[in-house]
Amino acid sequence: MTQADLAAWGARRRRRFPPDRWGTLVCRAAWDEVPGVRTFLLTPEDGSRIEHDPGQFMTFRIDAPEGRIERCYTIASSAARDGGIEITVKRQAGVGSAILHETLHPGAAIEAFGPSGRFGPAAWGGDAYALIAAGSGVTPMLSILRTAADRGIDLDAVLIQAAPTAEDMIAADEIAALRRRLPRLVVTQVPTRGPGSVRPDPEMLVRALPDLAGRTVLCCGPAEFMAMVRNTAREAGVPADRYGEESFDFSSPLAEVAAGADTPVRTVTFARSGRTFDCAETTTILGAVKEAGLPLPSSCSRGMCGTCKTFKHSGEVTMAHDGGIRQREIDRGFILPCVSRPLTDIVLDC
């Protein structure tokens with residue numbers, strides 16, 4: 001590599017991968033963690049850096065037989081390393097993960113949006129943490145632990161990792177190594193099937209975490225597992241501002257509020273296409289878009305991923321998001337239609 005090449009590479013590296021618009025990542029490596037779970041190393045095509053907080057995720061566009069779809073995956077790698085990211089994907093029954101396993105080989109490109117989301121110590125402060133995960137839900141916890149180790153943070157954390165068997169524990173060898181780098185890290189692995197299995201229930205959590213009430217709890221895993229952890233934490237006295245969870249089970253979007261006979265109805269206009277449709281004040285704009293049969297990219301429908309982020313030319317909305325949009329973007333006029341309801345007639349840049 002010549003000096004000119006090194007200088008050009010350095011200039012590219014100083015640019016930041018834009019978190020508020022789609023960009024291209026290239027797969028540099030892929031490897032199996034445990035059966036059915038694969039990690040992908042992705043770097044920006046233009047050599048820029050990806051700045052993220054541990055626990056954040058990115059949204060990916062995947063070409064599926066039925067058309068392009070968007071899926072969210074947590075960044076599993078350390079936030080101290082900004083040259084690229086790693087996502088660890090469990091192959092599920094759905095289309096997205098299977099396509100990534102089959103097609104995202106080294107050299108392949110994929111469109112990505114973000115980083116997004118509010119999960120991890122940057123959003124949920126505390127002096128001590130309980131990191132509770134099941135299956136591939138350990139990925140944001142890995143980012144938290146890897147970041148703490150890389151930055152020399154003396155993290156006081158208990159990691160509870162549940163998986164069907166010991167062979168299904170993602171990154172088990174690395175977690176053992178992280179324990180040597182993080183002296184106050186305590187790890188409890190919970191195999192849920194076969195000989196020596198343990199049922200993840202409130203009694204098990206309380207035994208493993210006798211000081212649960214004094215910790216900030218971060219949880220990620222299947223919905224039923226998270227509900228159990230949430231209830232246990234609440235009963236133990238963990239306040240709401242010290243309990244966070246991350247989930248990409250978007251099969252049940254936020255419920256719409258039924259419009260009554262007296263509910264005001266607003267007009268929403270797509271400025272570019274000129275299309276117009278009605279939206280009741282109790283209905284999300286995304287819900288009205290789908291009802292009208294119009295296209296608008298979306299993924300989580302919960303205000304988390306930022307996929308549907310759209311510029312609002314005029315009008316007023318009420319919006320209750322969950323980290324999928326930054327305040328400076330709101331100040332510039334952007335909204336998330338999935339969690340925005342109109343208060344007046346609206347004009348969007350679509």
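## Gln-161, a buried residue in strand β8

At 1% relative accessibility, Gln-161 counts as buried, because buried means under 20% relative accessible area, with exposed over 50% and partly exposed in between (1.4 Å probe, protein chains only). Gln-161 sits in strand β8. Strands (E, at least two residues) and helices (H or I, at least four) are DSSP runs, numbered from the N terminus.

The model is predicted: local features need pLDDT of at least 70, side-chain atom pairs count only at pLDDT 80 or more, and totals for chains, interfaces and linings use all residues. Residues are numbered from 1 along each chain as its sequence is written, and side-chain values use heavy atoms, with hydrogens and water left out.

The side chain of Gln-161 makes a polar contact with the side chain of Gln-189, at 3.3 Å. A polar contact is a pair of N or O atoms within 3.5 Å; within protein, one must be able to donate a hydrogen and the other to accept it, and residues adjacent in sequence count only if both atoms are side-chain atoms. Setting aside neighbours within four places in sequence, Gln-161 is in contact with residues including Ala-133, Val-138, Met-169 and Ile-170. Contact means heavy atoms within 4.5 Å.

In β8, 7 of its 7 residues are buried. Both faces are covered. One side holds Ala-157, Leu-159, Gln-161 and Ala-163; the other holds Val-158, Ile-160 and Ala-162.

Strand β7 (residues 129-134) pairs with β8 in the parallel sense, over 6 bridges. Two strands pair if DSSP finds at least two bridges between them. Ala-134 stands opposite Ala-162 in β8.

## The largest pocket

The largest pocket holds about 1400 Å³ of space. A pocket is an open set of points on a 1 Å grid over the protein atoms alone, where a 1.4 Å probe fits, with protein on both sides within 12 Å along at least five of seven lines; lining residues have an atom within 4 Å of a point. Grid points are joined across faces, edges and corners, and the volume is the space filled by probe spheres set on the points.

The lining of this pocket has 48 residues. Lys-90, Gln-92, Ser-136, Gly-221 and Pro-222 lie nearest the centre. Elements giving two or more residues to the lining are β4 (67-74), β5 (85-90), α2 (95-103), β8 (157-163) and α6 (223-236). The largest share, 5 residues, comes from β4.

## Helix α2

The buried residues of α2 are Gly-96, Ser-97, Ala-98, Ile-99, Leu-100 and His-101. Their cover includes β2 (37-44), β3 (57-64), β4, β5 and β6 (109-116).

## The loop between β2 and β3

Ser-48 is found in the loop between β2 and β3. At 0% relative accessibility, Ser-48 counts as buried. A polar contact of 2.7 Å joins the side chains of Ser-48 and Asp-46.

Gln-56 is in the loop between β2 and β3. At 9% relative accessibility, Gln-56 counts as buried. A polar atom of the Gln-56 side chain lies 3.1 Å from the backbone oxygen of Gly-117. Gln-56 also touches Thr-74, Ile-75 and Phe-119, among others.

## An open sheet

An open sheet of 5 strands has the order β13-β12-β18-β14-β16, with mixed pairing. Its edge strands are β13 (276-280) and β16 (334-335), each pairing on one side only. Strand β14 (residues 310-314) runs antiparallel to β16, joined by 2 bridges. Thr-310 stands opposite Ile-335 in β16.
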